[in-house]
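Colleague: Could you take me through one part of this model slowly? I would like a close look at a single residue, and then at the place where the chains meet.

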Number of protein chains: 2
Amino acid sequence: MTAAIDFYFDFSSPYGYFASTRIDELAQKYGRIVSWHPILLGVVFKTTGSAPLPQLPLKGDYAWRDFERTARFHGIEYHRPTHFPLPTTQAARAVLWLQNHHGEDLAAAFAKAVYHAFFVEDVNIAEPAELVKLADALGIDGRAMDAGASSPQIKEQLKAEIEVAMAKGVFGSPFVIIDGEPFWGFDRFDQIEAHLKSGRPTALRAVAPPDTSKEKKPA
Amino acid sequence: MTAAIDFYFDFSSPYGYFASTRIDELAQKYGRIVSWHPILLGVVFKTTGSAPLPQLPLKGDYAWRDFERTARFHGIEYHRPTHFPLPTTQAARAVLWLQNHHGEDLAAAFAKAVYHAFFVEDVNIAEPAELVKLADALGIDGRAMDAGASSPQIKEQLKAEIEVAMAKGVFGSPFVIIDGEPFWGFDRFDQIEAHLKSGRPTALRAVAPPDTSKEKKPA
């Protein structure tokens, strides 16, 4: 088994949402698994000096237009959210708590549900009560998740996860790292596929020691 | 005949260079012509509060890597330039002078030669003498071009052209506008092709009055 594909995303990122609808299928096609890493772009932007795309001068109007057109082009459901941008901290923490307590698969399923709620059903995912409902629908104890996500341990973990991501060069959403090769943006999925297809990284990885850490961090 | 496709670019933009190698073929495939618009991102960035990609924190290293990988992915010749970034004002002015005095086709050929010199042959295109050489190779009187490009009239025209571009929503390079539909980035060429293929814009344009302006501005 080769190393996981690291997928970094902020729940307020439309391009991150688009990527979330494709990353697992793409990885499976090449026999890889995905490690989902929620991050907070607000923290990252303090380092890069950037801001959410729709808030930038000139770029804002274009961005909204491009979100719709890109969704249409790729055949992805999308509805412009009413509440935007909004705080995604609790949703990110919930994903970490789920990873710790219910494993990667359920955490990823929850992450997809959050993205879908925000960018298709126009749910205000900054509301903890909405996150609880989404968890309950997946058979997770939503109230336990909400309490766990609000714990000091998870708060610290999210901070540290974002520090690690930035140390690895992550500066946007979606951001994918495969065997040390970084890809920024949903519009790099064609290059990601070419990279996976080449098989080169897989061969290289076979030489490296297997990743046995619980956190499924890239080696 | 339908309206020209407006292609905005800064000579210091690697993605602009990539686009310059494809835009004319793409347009021809759909019976369209291209109007080449040199701009200065330095002026645009004063409005957007941005900076050249390779100079941004975290994004810089990624950008250099992405330039190389994107060139390889698309089969485009590329050599990382030694002098970067560099002033592209004189090159931009030269293109305008050529458009005014020798027409669009020769101006576009010169623009492609400048891009190739910079991103393949590692020529310092900020040096007026290098631009003169590139012009001479195309059968243009390079010294006349150099003098013309330095005239107050052309300086004013470039300023005004950039103002017009920003008023139309242009904020980066490459930037393409087709029948009012804006596309930012070389990675939108797939969506540009889908747009041209749909035929919808062409049908709409047939209703609009023909563009008879000398400057070949979009209607």
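Modeller: What follows looks at one serine of chain B and then at the contact with chain A. The model is a predicted one.

B:Ser13 sits in chain B, in the loop that runs between strand β1 (5–9) and helix α1 (14–20). Its relative accessibility is 5%, and because buried means under 20%, B:Ser13 counts as buried. The side chain of B:Ser13 has two polar partners to look at. The backbone nitrogen of B:Gly16 is reached at 2.8 Å, and the side chain of B:Ser173 is joined to that of B:Ser13 by a polar contact of 3.0 Å.

Now the interface. Chain B and chain A each bring 28 residues to the contact. Together the chains bury about 2800 Å², with 57% of it on carbon and sulfur atoms. Eight salt bridges are counted between chain B and chain A. One of them pairs the side chains of B:Arg188 and A:Asp187, at 3.0 Å from N to O.

On the chain B side, α3 (41–48), α4 (59–74), β4 (181–184) and α10 (189–198) each supply at least two of the residues that touch chain A. Helix α4(B) gives the most, with seven residues. By type, the chain B side divides into 13 nonpolar, seven polar and eight charged residues.

Definitions and conventions
Residues numbered from 1 in each chain as written. Chains lettered and ligands numbered in written order. Predicted model: local features only at pLDDT ≥ 70, side-chain atom pairs only at ≥ 80, totals over all residues. Heavy atoms only, no water. Helix = DSSP H or I, 4+ residues; strand = E, 2+ residues; numbered from the N terminus. Buried < 20%, exposed > 50% of the residue type's maximum accessible area, 1.4 Å probe, protein only. Polar contact = N/O pair within 3.5 Å; in protein donor to acceptor, adjacent residues only side chain to side chain. Contact = heavy atoms within 4.5 Å. Buried area = accessible area lost by both parts, 1.4 Å probe. Salt bridge = Lys/Arg side-chain N within 4 Å of Asp/Glu carboxyl O. Nonpolar A, V, L, I, M, F, W, Y, C, P; charged D, E, K, R; others polar.
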